[in-house]
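This briefing goes through one protein model, from a salt bridge to the fold as a whole and then to selected residues. Please keep the sequence and the coordinates at hand while reading.

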Amino acid sequence: MAVHPQLPNAITVARIVCAPIFLWLLLADAGTDGGLRWAAAALFIVAIATDGVDGYIARKYDIVSDLGKLLDPIADKALTGLAFVGLSILGELPWWITIVVLVREVGITVYRFVVVSDHVLAAAWMGKLKTVFQAVALSIALLPFASLSEAPAWNSTVWWAGVVTMTIAVVLTIASGLDYVVTEVRAAQKKRGAR
């Protein structure tokens, strides 16, 4: 089966386009547990799931491109970044978590653009794992599970699942950021030593 070489990039761009729509849905009714909140959560989950789809297609059909390597992590950061911001605006997530995540994400993204003429800084394994945990933690936070049941045990379980996955996501966000910095510094030193 022939696959258009730009299909993975088109999926990635669609994820970027979904990000502001998702944020509007999340904030439109002030985060209440109504239809717009469910729609926002569903759009986020579907959009973030396409991260695996575009990568799979690109690798399977050998159509990995430098543009895709550049856009893919930016699409993830746009979607997850707006989710963090939206949840903080609604008072459902402490701002310090959002600030820590955004400093790391914006910093790495800016650096990607700075070095793009020299080399493409593709996502490393820890960065991919970070994205998975962010996606899971944000999905739990976005889905209005509390509206499904008033049982304290249910709400407590959901709350703890959110806390644990968000903690892991924040730790991986910081660790993967440091990993990128260390890797790039070592590569620069090796390059200078080879001259």
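With which residue does Asp51 form a salt bridge, and how far apart are the closest N and O atoms? In this predicted model, the partner of Asp51 is Arg15, and the closest N and O atoms of the pair are 3.5 Å apart.

**Overall fold**

- The protein has six helices and zero strands, and along the sequence the elements follow the pattern α-α-α-α-α-α.
- The radius of gyration is 18 Å, close to the 16 Å that the globule rule gives for 195 residues, so the protein is as compact as a globular protein of that length.
- Along the principal axes, the C-alpha trace spans about 65 × 40 × 25 Å, and 40% of the 195 residues count as buried.
- Of the contacts between residues at least 6 apart in sequence, 78% join residues that are at least 24 apart.
- The protein exposes about 10,500 Å², of which carbon and sulfur atoms supply 73%.

**Salt bridges**

- A search of the whole structure finds eight salt bridges, among them the pair of Asp51 and Arg15 described above, both of whose residues are buried.
- Arg15 also meets Asp54 in a salt bridge, with an N to O distance of 3.0 Å, and this pair links Arg15 in helix α1 to Asp54 in helix α2 across 39 residues of the chain.
- Asp54, like Arg15, is buried.
- Another salt bridge joins the side chains of Glu105 and Arg104 at 2.6 Å, N to O; Glu105 is buried with a relative accessible area of 4%, and Arg104 counts as buried at 8% relative accessibility.
- Salt bridges that share partners join Arg15, Asp51, Asp54, Asp72 and Asp76 into one network.

**Helix α2**

- Helix α2 covers residues 35–60, which makes 26 residues, and reaches 37 Å from its first C-alpha to its last, close to the 38 Å expected at 1.5 Å a residue.
- The C-alpha atoms of Val46 and Ala19, which are 27 residues apart along the chain, are separated by 11 Å.
- Asp62 follows α2 and has a positive phi, near 50°.

**Nonpolar surface patch and helix α4**

- Ile89, Trp95, Ile99 and Val103 form a nonpolar patch on the surface, with about 410 Å² of accessible area together.
- Helix α4 (residues 95–115) supplies the largest share of the patch, namely three residues.
- Val103 is found in helix α4 and is exposed, with a relative accessible area of 59%.

- Thr165 has its place in helix α6 (residues 152–194) and counts as buried at 13% relative accessibility.
- Leaving aside residues up to four places away in sequence, Thr165 touches Phe133, Val136, Ala137 and Ile140.

Terms used. Residues are numbered from 1 along each chain as its sequence is written. This is a predicted model: local features need pLDDT of at least 70, side-chain atom pairs count only at pLDDT 80 or more; totals for chains, interfaces and linings use all residues. Side-chain values use heavy atoms; hydrogens and water are left out. Helices (H or I, at least four residues) and strands (E, at least two) are DSSP runs, numbered from the N terminus. The expected span of a helix is 1.5 Å times one less than its number of residues. Patches are made of residues with over 30% relative accessible area and no salt bridge: like charges are joined within 9 Å, nonpolar side chains (Val, Leu, Ile, Met, Phe, Trp, Tyr) within 5 Å. Accessible areas come from the Shrake-Rupley method with a 1.4 Å probe; for residues, only the protein chains shown count as cover. A salt bridge is a side-chain nitrogen of Lys or Arg within 4 Å of a carboxyl oxygen of Asp or Glu. Buried means under 20% relative accessible area, exposed over 50%, partly exposed in between (1.4 Å probe, protein chains only). Contact means heavy atoms within 4.5 Å. The radius of gyration is taken over C-alpha atoms; the globule rule is 2.2 Å times the number of residues to the power 0.38.
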